[in-house]
Number of protein chains: 2
Amino acid sequence: MIMTSFALYKCFKRGYTVYIPRKEFNMELNTAIEKYYKLQAKLAAYGHAMSLIYYDGSTTAPKDTAANRGRALSVLSEESYLLSTGKETVELLEFLDDHKKELSEKDARSVYLALKDIREMQKIPMDEYIEYQEVLVEADDVWHRAKEENNFAMFFPCLVKIFDFEKRFARYCAPDMHPYNYCLNKYEDGLTMEKCDKFFAALKSRIVPLIKKIGEKEQIDDSCIYGSFPASEQESFGLALMDVMGIDKGHCGLATTEHPFTTSLGSHHDVRITTNYKEDNFASSMFSVIHEGGHALYDMNSADELAYTNLDGGVSMGIHESQSRFYENLLGRSREFAEYIFPTVKKCFPSLEKYTAEDFYRAINKVEPSLIRVEADEVTYALHVMIRYELEKAVMNGDITVLDLPREWNRLYKEYLGVDVPSDKDGVLQDSHWSGGAIGYFPSYALGSAYGAQFLKKMRETVDVEKCLETGDFAPINEWNKENIWKHGCRYTPAELLDRILGEPFDPYVFTDYLEKKYGEIYGL
Amino acid sequence: MIMTSFALYKCFKRGYTVYIPRKEFNMELNTAIEKYYKLQAKLAAYGHAMSLIYYDGSTTAPKDTAANRGRALSVLSEESYLLSTGKETVELLEFLDDHKKELSEKDARSVYLALKDIREMQKIPMDEYIEYQEVLVEADDVWHRAKEENNFAMFFPCLVKIFDFEKRFARYCAPDMHPYNYCLNKYEDGLTMEKCDKFFAALKSRIVPLIKKIGEKEQIDDSCIYGSFPASEQESFGLALMDVMGIDKGHCGLATTEHPFTTSLGSHHDVRITTNYKEDNFASSMFSVIHEGGHALYDMNSADELAYTNLDGGVSMGIHESQSRFYENLLGRSREFAEYIFPTVKKCFPSLEKYTAEDFYRAINKVEPSLIRVEADEVTYALHVMIRYELEKAVMNGDITVLDLPREWNRLYKEYLGVDVPSDKDGVLQDSHWSGGAIGYFPSYALGSAYGAQFLKKMRETVDVEKCLETGDFAPINEWNKENIWKHGCRYTPAELLDRILGEPFDPYVFTDYLEKKYGEIYGL
């Protein structure tokens, strides 16, 4: 077929690149791309429905309706799975992949990611995959009960199976890779044990001594964050915080759940964050709103052209945590922000009238080795994560067995944090990650903190961050993050993105320097 | 193939009727039925997702996310449409329909209803159907603005199109039927203008004189329902009302929306009701909770075997309204219930301490001709509905045009209710039904009231309704409704169901007798 000038004109109008020698083929490619993004939009709609069903279950659904939701989720996830892995889809993806050099960078990346998922899925025998999903459903239930009853033995058989499946699937999908590296990669593309070892060694070398020095100093009086704070007033304060952070509430909602989380519905145009109110401690919900708000800003600010594709939203757990912890700690727990926000705090909670912004600043930065990761301060947090990393690595390596986990857990808590673990409930059973099969997830939390510190250093080259915080004007900060991080969605791998943002290698000592400076000043070291 | 005794045994165990001469075919039929209910379950999952997206939009979604929801809804409704009308489905349904005599009554009814929808859809040209959907999307928006600006001319072109489409579709789908009868049938299977005319004539003959007589008496002082009632306290009261009504809150939620409604998610196992709080009038939300609670009880109590099929939930708008208005008026506004509930009312709203249950009973039964249907009392309500019925019929008949509607509306309000309509905003533009294309819907409201009165009469033969209301024990009442109405879901047509319940013809005078007796006593006629 000879391409007529009219057809050429149409291609031009549509913004397609026209390669005359391959004109007929290009028409086909354009059709394939159109078809591909239609498929992506369909998958986004299924994603919308499934995320909303989950969100509904966590927020307002009547308590005995889980089985009914399960029915809908099972149908929708099967339909979505068939759609994304069906013969027609695979053929389309392979066709596009064969011609990836002719695709735009964006299209090629989207196709690559879609195909990557399918190719992995194809390597796992379907019956084993289904069996694992069933194990996970059971494990979630068993873990809840085991934690409640402080009974690791009850959870033990499930956890053995979970580690086994993870090892097996790693061998299927990446036979040339260490199984734990495969797990790490699922949450942070490109991460390895070698990188983690180096990273955590750096943190340990600086944080453990820092904690020791802090422990020798007089402890901070944090009584100003405690008192009686009705949930409804905390909610008003949370909404005000969202405004200060520059979160567009027209596209981001705030709800209450047992565990705070952030979710997007269908695209970055509808994001929901949740928090939980402790009526005796307003800081708990305050910082969970800021933390989830950081996730939300990242998700909400993908470029609009990425909406309804698999490139929409954050690229990895590490980068995601870098944003949430950036807002929560680097900004939210800074002296400048504490001084800016404290008048608002006092307006919302008049019982705090007698306290100063300095009291507040010190209270929200109290460092104290403790048992529970999610309640840990900025300094000790990374060590909680490191303990989990070391234990996961040891089990995946075969150095220890699942049976050894409680003992090893307690030993490491004593060694790194100096605390005695009184019970497995507050020890090895505290997190939901393992029962959900999320082996390899934890390091992204600590990486996020360290990425964030280096982003802040870079941001300071062009943005007067202190002034922004002093005046509560987050716009320049958000603008920098949007330009450098948010708008790219999943267009780049985490490593490529880091490279683009920093223009220099990742350096965990930027984070430890930050901690030493800030807490040295607070504790007078 | 010879059916072995084992296969026969299996068929027997499963409760299938086994026709030996057709044994091979019957196996096929069983497979088809299984396939059919799998399809129904899939459609229920899509329904769950779509209802939840709508519910989310009305309750907690951030305000600027409608377009994002629209994307998901458009994909899911298309997928669901393709699934329910695709070639494979139609073949399956036609196969089952060909063998309907061998199906159980339940299966045959389910297949009949599924096929009925498809056959209608097939008669409407796809492009016209899509055009109409677009008109409705626009009309919803235009109606909102026209109502706000009190500008019927603005809404007029949309309304002309809507009536035109309704007439055209009626001709396509039921060329032998009067177009308005076709419309009535959509909401109440079997309803005709002839039946409506007779029904409304009966109501008019008794209600118009009753209203006149009441108007000559001293008006009730209803000050006890007004005051200052915070939404949060009204919500607690609403939840308490749900308990009294015997609504299982483990499967039924209560939320806040602009307009109260009831929706089921996927099946009768998860139902949500909504209400709206007027902080100066607690009775408004109280009776909307009871009204929606009646809808919820009906939906929630389909037999479990109907879940995830098209037989789940209420059968028609008329029967549905009979239940909501039964709880709202026949029970909720009875003297016995007023006496039972008033101590709870006073506990929730201590400012009412000085009032008696009798004050309360009279206040919630004040009869006053007014402009707005949704705020009308039990007596005048049916006349509001009748006016809409007469106008719809006249337009569908060609007796008047859409342009005449405001004038005719105002004339009938004066004639039947004796009120002057000051503006179209509070007149012809007040309801959302027409902008949503729901021509033929209104009569079901009045029918529901009248059905309910006759159900109550029947119920009294075996249930001591007064005692139930005096003691707040709704169990015997609910049990009767469940056995006679709720559990059947859509197994029977509305006419068949009425017949089963009443065992005698529908008699609108039971309703007017009830009104005359109750209000004669209240107003001392």
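How many of the nine residues of helix H8 (residues 179-187) of chain B are buried? I counted eight, so I noted the helix as mostly covered; buried means under 20% relative accessible area, exposed over 50% and partly exposed in between, with a 1.4 Å probe and protein chains only.

**Conventions.** I am working on a predicted model, in which local features need pLDDT of at least 70, side-chain atom pairs count only at pLDDT 80 or more, and totals for chains, interfaces and linings use all residues. Residues are numbered from 1 along each chain as its sequence is written, chains are lettered from A and ligands numbered from 1 in the order in which they are written, and side-chain values use heavy atoms, with hydrogens and water left out.

**Helix H8(B).** I listed its buried residues as Pro179(B), Tyr180(B), Asn181(B), Tyr182(B), Cys183(B), Leu184(B), Asn185(B) and Tyr187(B). Their cover includes helices H5 (105-123), H7 (152-173), H9 (193-215), H12 (317-331), H15 and H17 (443-459) of chain B. Helices (H or I, at least four residues) and strands (E, at least two) are DSSP runs, numbered from the N terminus.

**H15(B) and H16(B).** I then looked up the pair formed by H15 (residues 381-397) and H16 (residues 405-417) of chain B, whose axes come within 10 Å and cross at roughly 145 degrees. Axes are lines fitted to C-alpha atoms, for helices over the stretch in contact, and angles run from 0 to 180 degrees between N-to-C directions. The residues that meet include Leu383(B), Ile387(B) and Leu391(B) in H15(B), and Trp409(B), Leu412(B) and Tyr416(B) in H16(B); contact means heavy atoms within 4.5 Å.

**Strands of chain B.** I found eight of the nine residues of strand S3 (residues 267-275) of chain B buried, so the rest of the structure largely encloses this strand. S1 (residues 252-256) of chain B runs parallel to S3(B), joined by five bridges, and Thr256(B) stands opposite Thr275(B). S2 (residues 262-265) of chain B is antiparallel to S3(B) over four bridges, with Leu265(B) opposite Ser267(B). Two strands pair if DSSP finds at least two bridges between them. In the hairpin of S2(B) and S3(B) there is one residue between the strands, and Gly266(B) takes a positive phi near 80 degrees.

**Sheet of chain A.** I noted an open sheet of three strands here, in the order S1-S3-S2, with mixed pairing. S1 (252-256) and S2 (262-265) of chain A are at the edges with a single partner strand each, so one side of each has no neighbour in the sheet. From one strand to the next the twist averages 30 degrees. S2(A) and S3 (residues 267-275) of chain A run antiparallel, joined by four bridges; Ser264(A) has Val271(A) as its bridge partner in S3(A). Helix H10 (residues 231-244) of chain A packs on the sheet and touches S1 and S3 of chain A, its direction making about 155 degrees with that of S1(A).

**Asn301(A).** Beyond its neighbours within four places in sequence, Asn301(A) is in contact with Lys482(A), Trp486(A) and Lys487(A).

**The two chains.** I saw that a rotation of 180 degrees, with 0.0 Å of shift along its axis, superposes chain A on chain B at RMSD 0.0 Å. The copies are therefore related as by a two-fold rotation axis. Superposition is by least squares on the C-alpha atoms of residues with pLDDT of at least 70 in both. In chain A, the C-alpha nearest the axis belongs to Ala49(A), at 2.7 Å.
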